[in-house]
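Visitor: I am new to this structure. Could you walk me through it, one question at a time?

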Amino acid sequence: MITEQLSLLLISLLANGLSAMAGGGAGLLQLPVLLFLGLSFSSALATHKIASVALGVGATLRHLREKSLDLRFCLFILACGLPGVVLGGILILRLPESLTIFCLGILTTSLGIYSIFKPQLGLSQQSRNRDLRGLCLGGTVLCLIGILNGSLTSGTGLFVTIWLVRWFGLDYKTAVAYVLILVGLFWNGSGAITVALQQPPHWEWLPALIAGAIIGAYTGTHIALKKGNSAIKKIFETLTILVGIKLIVDGLLLL
């Protein structure tokens, strides 16, 4: 029992620490471990969703010291994404996932490759697409990513990160801050409630996972803020490619 709890704590520390530095991807390590330890997919998903909320808590505790977020833009991201998250959480336990996961893996890998071939992307902040047309299109994409966030387990925070950088002109450090707080705390929280109401989580494992997530997220966020945009960009690119490859493999195994 103690060994099991320590293993869960360490996995959660590592997964959420990396996720805090890149702006997503905690499910890359955490969910497969829960499945390996014997949980069914639905139970592992519910457990992971609840534990992932602690990622937002740990990141929020660190980012609030920076005071760098725009409240109106925060509300915009929440208003666009939360309906999609709830819809995705309702759909996930009813729809086949193999093809969706495979396609998501291809797209996620492409995000990392795209960033690699855009050396200046996200290194400085250049606000754009804040007119009505830009906000409507940007909000629609955030809603679609919200559906993926509610229905799938890995990588959707990375989608929000790259979208905030590419469409709205944020630098990586600022985009990751928005993602960790708004996606980590509010999107994941809504998704966790939606999934948990349909499938109970494995409550005995949550204390270790939550503790690891809070500590890992706080530590990863602190390191990212100290290292700056160039380091965050490289971590983002590495993690998106790893998450994408994992999703591709998972999708192929489920076909």
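Visitor: How many disulfides does a search of the whole structure find?
Guide: Keep in mind that this is a predicted model. A disulfide needs two cysteine sulfur atoms within 2.5 Å. The search covers the whole structure, and the number of disulfides found is zero.

Visitor: What about C136: how far is its sulfur from the closest cysteine sulfur?
Guide: The closest cysteine sulfur to that of C136 sits in C80. Again the gap is too far for a bond. The distance is 8.6 Å.

Visitor: Is C80 buried or exposed? And how does C136 count?
Guide: Buried means under 20% relative accessible area, and exposed means over 50%. C80 has 15% relative accessibility, so C80 is buried. C136 has 45%, so C136 counts as partly exposed.

Visitor: Why is α7 largely enclosed, and how many of its residues are buried?
Guide: The buried residues of α7 include T156, G157, L158 and F159. Others among them are W163 and V165. Helix α7 is largely enclosed by the rest of the structure because the buried count is ten of the eleven residues.

Visitor: Which helices each supply at least two residues of the lining of the second largest pocket?
Guide: About 180 Å³ of space lies in this pocket. Its lining is L107, S110, L111, Y114, V141, I145, F159, I162, W163 and R166. They divide into eight nonpolar, one polar and one charged. The helices that each supply at least two are α5 (98–116), α6 (132–151) and α7 (156–166).

Visitor: How many cavities of 30 Å³ or more does the search find?
Guide: A cavity is a space where a 1.4 Å probe fits but cannot get out. The search of the whole structure finds two.

Visitor: Which helix supplies the largest share of the lining of the second largest cavity?
Guide: The lining is A20, H63, K173, V176, T221, A224, L225 and I232. These divide into five nonpolar, two polar and one charged. Helices α8 (172–196) and α9 (206–227) each supply at least two. The largest share, three residues, comes from α9.

Visitor: Where is S115, and which residues does it touch beyond four places in sequence?
Guide: S115 is found in helix α5. At 0% relative accessibility, S115 counts as buried. Its contacts beyond four places in sequence are L121, Y172, K233, F236 and E237.

Visitor: What is the phi of N129?
Guide: N129 is found in the loop between α5 and α6. This residue is partly exposed, with a relative accessible area of 22%. N129 is not a glycine, yet its phi is positive, at about 55°.

Visitor: How far apart in space are V249 and L75, C-alpha to C-alpha?
Guide: V249 is found in helix α10 (residues 229–254). At 41% relative accessibility, V249 counts as partly exposed. V249 and L75 are 174 residues apart in sequence, and in space the distance is 36 Å.

Key. Residues numbered from 1 in each chain as written. Predicted model: local features only at pLDDT ≥ 70, side-chain atom pairs only at ≥ 80, totals over all residues. Heavy atoms only, no water. 1 Å grid on protein atoms, 1.4 Å probe; cavity = no way out; pocket = protein on both sides within 12 Å on 5 of 7 lines; lining within 4 Å. Points joined across faces, edges and corners; volume = space filled by probe spheres on them. Nonpolar A, V, L, I, M, F, W, Y, C, P; charged D, E, K, R; others polar. Buried < 20%, exposed > 50% of the residue type's maximum accessible area, 1.4 Å probe, protein only. Contact = heavy atoms within 4.5 Å.
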